[in-house]
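These entries record what I looked up in one protein model.

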Amino acid sequence: EGGTLADVDDSSVVTFTFSEAPGDSFSNDDITVVGGELSTVTVDPDNPLVYTATFTADQDFTGEGSVTVNADSYTDVVLNLGETGSDTVAIDTENPTVVSVEMDDVALKIGDTSAVTITFSEAVTNFDSSVDVMVENGALSSMMSGDGGVTWTGTFTPDAPIEDPTNVVTVATTYTDVA
């Protein structure tokens with residue numbers, strides 16, 4: 001419970017503690033998992049009330065993951081039906097992407113500059129425009145974000161003299177999201 005699973009730490013041990021031993025009837029078939037996969041549940045050899053498994057978050061998933069023991073899906077040793085139990089975890093294993101790269105002015109002449117705006121699908125960190133952005137036929141100022149890292153803006157200054165109808169701005173993939 002608590003925390004967030006992300007690409008760098010995408011798994012967590014899940015502990016199931018029962019009020020009385022479920023006997024041989026408790027297995028992964030008694031569990032519903034959202035947002036990930038659960039390894040095979042195993043009983044603690046020293047305590048028949050405790051079972052454990054490892055939850056691993058699905059890749060490219062953002063949201064709330066959960067592990068739920070289904071009601072009436074298992075029994076105790078005298079065949080009483082078991083009750084439900086659940087826990088959740090925040091998951092962010094979705095990688096950020098570039099949504100758009102826009103230049104305010106696409107027909108520059110000597111002495112002109114143009115604002116360049118790069119918008120990502122979510123806030124990014126480790127973004128350094130001097131390393132992560134390549135421009136042809138000019139220079140790009142340091143890019144800054146005023147919204148926490150989703151939108152980044154800088155100024156493109158073309159080389160003089162040059163004529164190129166297909167100038168390209170390329171964004172590398174060295175940035176990461178907050179998770």
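Entry 1. The model is predicted. I placed S114 in strand 10, which covers residues 114-120.

Entry 2. Is S114 buried or exposed? I recorded a relative accessibility of 2% for S114; the cut-off for buried is under 20%, so S114 counts as buried. I then listed what S114 touches, leaving out residues up to four places away in sequence: M103, D104, D105, L108, G154, T155 and F156.

Entry 3. For contrast I turned to another serine, S19, in the loop between strand 2 (11-17) and strand 3 (31-34). S19 counts as exposed because its relative accessibility is 75%, and the cut-off for exposed is over 50%. I noted that the C-alpha atoms of S19 and G82 are separated by 9.9 Å, although the two residues are 63 apart along the chain.

Entry 4. Next I examined the nonpolar interior. Nonpolar side chains tend to be buried together in soluble globular proteins. The largest nonpolar core here has 17 residues, and those touching the most other members are F16, F26, I31, L38, V41, F55 and V67. Two or more residues of this core come from each of strand 2, strand 6 (47-57), strand 7 (62-69) and strand 8 (85-92). Strand 6 gives the largest share, 4 residues. Apart from this core lies another one of 12 residues, including V116, V133, M143 and V171.

Entry 5. Which residues does F16 contact, beyond its neighbours within four places in sequence? I found F26, I31, L38, V41, L49, V50, Y51, T52, A53, V67 and V69.

Entry 6. I followed strand 8 into its pairings. Within strand 8, A90 stands opposite T4. Strand 7 runs antiparallel to strand 8, with 8 bridges joining them. T62 stands opposite D92 of strand 8.

Entry 7. I checked backbone angles. Most residues other than glycine have a negative phi. L79 has a positive phi, near 75°, and lies in the loop between strand 7 and strand 8. With a relative accessible area of 65%, L79 is exposed. N137 also has a positive phi, near 60°; its place is in the loop between strand 12 (133-135) and strand 13 (138-140). At 22% relative accessibility, N137 counts as partly exposed.

Entry 8. Last, I looked at the chain as a whole. I counted 1 helix and 17 strands. How does the radius of gyration stand against that of a compact globule of 179 residues? The chain has 26 Å, whereas such a globule would have a value near 16 Å. The C-alpha trace spans about 90 × 25 × 25 Å along its principal axes. Of the 179 residues, 30% count as buried. Among contacts between residues at least 6 apart in sequence, 62% join residues at least 24 apart. I put the accessible surface at about 10,400 Å², with 51% belonging to carbon and sulfur atoms.

Conventions. Residues numbered from 1 in each chain as written. Predicted model: local features only at pLDDT ≥ 70, side-chain atom pairs only at ≥ 80, totals over all residues. Heavy atoms only, no water. Buried < 20%, exposed > 50% of the residue type's maximum accessible area, 1.4 Å probe, protein only. Core = buried A, V, L, I, M, F, W, Y, C linked by side-chain atoms within 4.5 Å. Contact = heavy atoms within 4.5 Å. Pairing = 2+ DSSP bridges. Rg over C-alpha atoms; globule rule 2.2 N^0.38 Å. Areas by Shrake-Rupley, 256 points an atom, 1.4 Å probe, with all protein chains shown as cover.
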